[in-house]
Each structure stands twice: as structure tokens, then as C-alpha cells.
Amino acid sequence: MKPVETRLARLARKGDQRAFAEIVDLYKDKLFHLAYRMTSNRQEAEDVVQETFLRVYKNLDRYDENQKFSTWIYRIATNLCIDRLRKRKAIYSLDAESSDHEGLDGYAMLPSEDRTPESELLLSETQRLIHEAIATLPVKYKSVMILRYLQDLSLQEISDVLEMPVTTVKTRVHRGREFLRKKLEHKL
């Protein structure tokens, strides 16, 4: 028996709008959290989610029912986030070279997320420091760390989402953890 997402995708492919709406309901929050963790920007995260669903809708006929639907949709969203971060890094890196911000990469110059007193209370100091450190990771480590520790995907699922060997995923998780450890050892 096929998973519910696969059945919904099949129905949506045939034009069933309610089935597609159910797919949106199942994934909108998960994709928003993924995109928000990767971009650290609410508006960009919302844009990524919207673009993800547009691409899913336009490409339903290309979905391979032999693979998990979640892997396919996470791959689309992750790639969109990575594209945005690469574009953003190029812009900020150029600015960093021509300013007084020597030694900072583009991620260090990213605007911080909009914080409210309520959200500050909800996040413990440790969580905030960890999230800030993750936001500064290079893209190739950031995506695997977010998928592994914030989205709780297995190494194999990350391998499927990012279309890279599990050994590469393991290496990037290890290096990402080392990067975070060095960043956090002075702050915690």
C-alpha cells in the first residue's frame, strides 16, 4: 500500500485540487521551518515555501512514486534555499571586501531575524546561540546540519534529499559539528 502522500500526489496529478491542498497542509509548516532555519528570514522562508509548492504542482508528473514524497519535496525546498543563500553570499562577500569588515564572510553580515520580546523569552540563551551559529555555517554544512538536527532526517534521507553519497553527508555533518563546536566554545 502506497503512503498517503503518494496517493495524494497521484490524485493531484489527475487534477484533484483537494488532494493538492492536502499536500500543502501536510508540508507547509515543515517546509517553512526548514526554509526559516536555512535563510534566517521569515519573508524569504515564506517565498521558498510558495515557490516549492509551485514547483511541486508544475512537476507532479515528474514525481517518481518509488521514492518517498517527503524526500522529493524536501529536495526542492532545500535546493531553493541553497540557491538563495548562494546569491546572498555573493552580494555580501563583495560588500565585505570593499568595506571595513575584514575577516567576515557574507553570513556574518546577514541581518538577524526579527525578534520580539515574546520570541526572546521562548528561546533559551543556549538555543539562540546554537541557531545563530548554524546561521553562520557555510551552505554545504548548513543544509546537512539543519536537515539532520532540526528536521531530524536520517543520513540516508539527507543523502536522498541532497542527491549526494551518504559518506559525503557523514563528512559534512562531522565538519559542520566541528565548525559549530569552535564557534560555540567561546560563547557557552
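This report describes the fold, the nonpolar core and the aromatic contacts of a predicted model.

## Overall fold

The protein chain holds nine helices and zero strands, and 40% of its 188 residues are buried. Among contacts between residues at least 6 apart in sequence, 60% join residues at least 24 apart. The accessible surface comes to about 11,200 Å², with 50% of that area belonging to carbon and sulfur atoms.

## The nonpolar core

The largest nonpolar core has 49 residues, of which Ile23, Leu31, Phe53, Val56, Phe69 and Leu162 touch the most other members. Elements giving two or more residues to this core include α2 (17-39), α3 (42-58), α4 (69-97) and α9 (166-184). Because domain 1 (1-95) and domain 2 (114-187) both contribute residues, the core lies between them.

Leaving aside neighbours within four places in sequence, Phe53 is in contact with Phe20, Ile23, Val24, Tyr27, Lys28, Leu31 and Ile73.

## Aromatic pairs

Seven aromatic pairs are found in the whole structure. The rings of Phe20 and Tyr57 have centres 5.0 Å apart and planes at 75°, so this pair is edge-to-face. Since Phe20 lies in helix α2 and Tyr57 in helix α3, the pair ties together parts that are 37 residues apart in sequence. Phe20 is buried, with a relative accessible area of 11%, whereas Tyr57, at 40% relative accessibility, counts as partly exposed.

Tyr27 and Phe69 form a tilted pair, 5.7 Å centre to centre with 50° between the planes, and this pair links helix α2 to helix α4 across 42 residues. Both Tyr27 and Phe69 are buried, and together with Tyr63 and Trp72 they form one aromatic cluster.

## Charges over rings

The charged end of Lys30 sits over the ring of Tyr27, 5.3 Å from its centre. Arg148 lies over the face of Tyr149, at 5.7 Å from the ring centre.

Key:
Residues are numbered from 1 along each chain as its sequence is written. This is a predicted model: local features need pLDDT of at least 70, side-chain atom pairs count only at pLDDT 80 or more; totals for chains, interfaces and linings use all residues. Side-chain values use heavy atoms; hydrogens and water are left out. Helices (H or I, at least four residues) and strands (E, at least two) are DSSP runs, numbered from the N terminus. Buried means under 20% relative accessible area, exposed over 50%, partly exposed in between (1.4 Å probe, protein chains only). Contact means heavy atoms within 4.5 Å. Accessible areas come from the Shrake-Rupley method with a 1.4 Å probe; for residues, only the protein chains shown count as cover. A nonpolar core is a set of buried Ala, Val, Leu, Ile, Met, Phe, Trp, Tyr and Cys residues joined through side-chain atoms within 4.5 Å. Domain bounds come from an automatic or database domain assignment. Rings of Phe, Tyr and Trp (its six-membered ring) pair if their centres lie within 6.5 Å; planes under 30 degrees apart count as stacked, over 60 as edge-to-face and the rest as tilted. A charge sits over a ring if NZ of Lys or CZ of Arg is within 6 Å of the ring centre and within 35 degrees of the ring normal.
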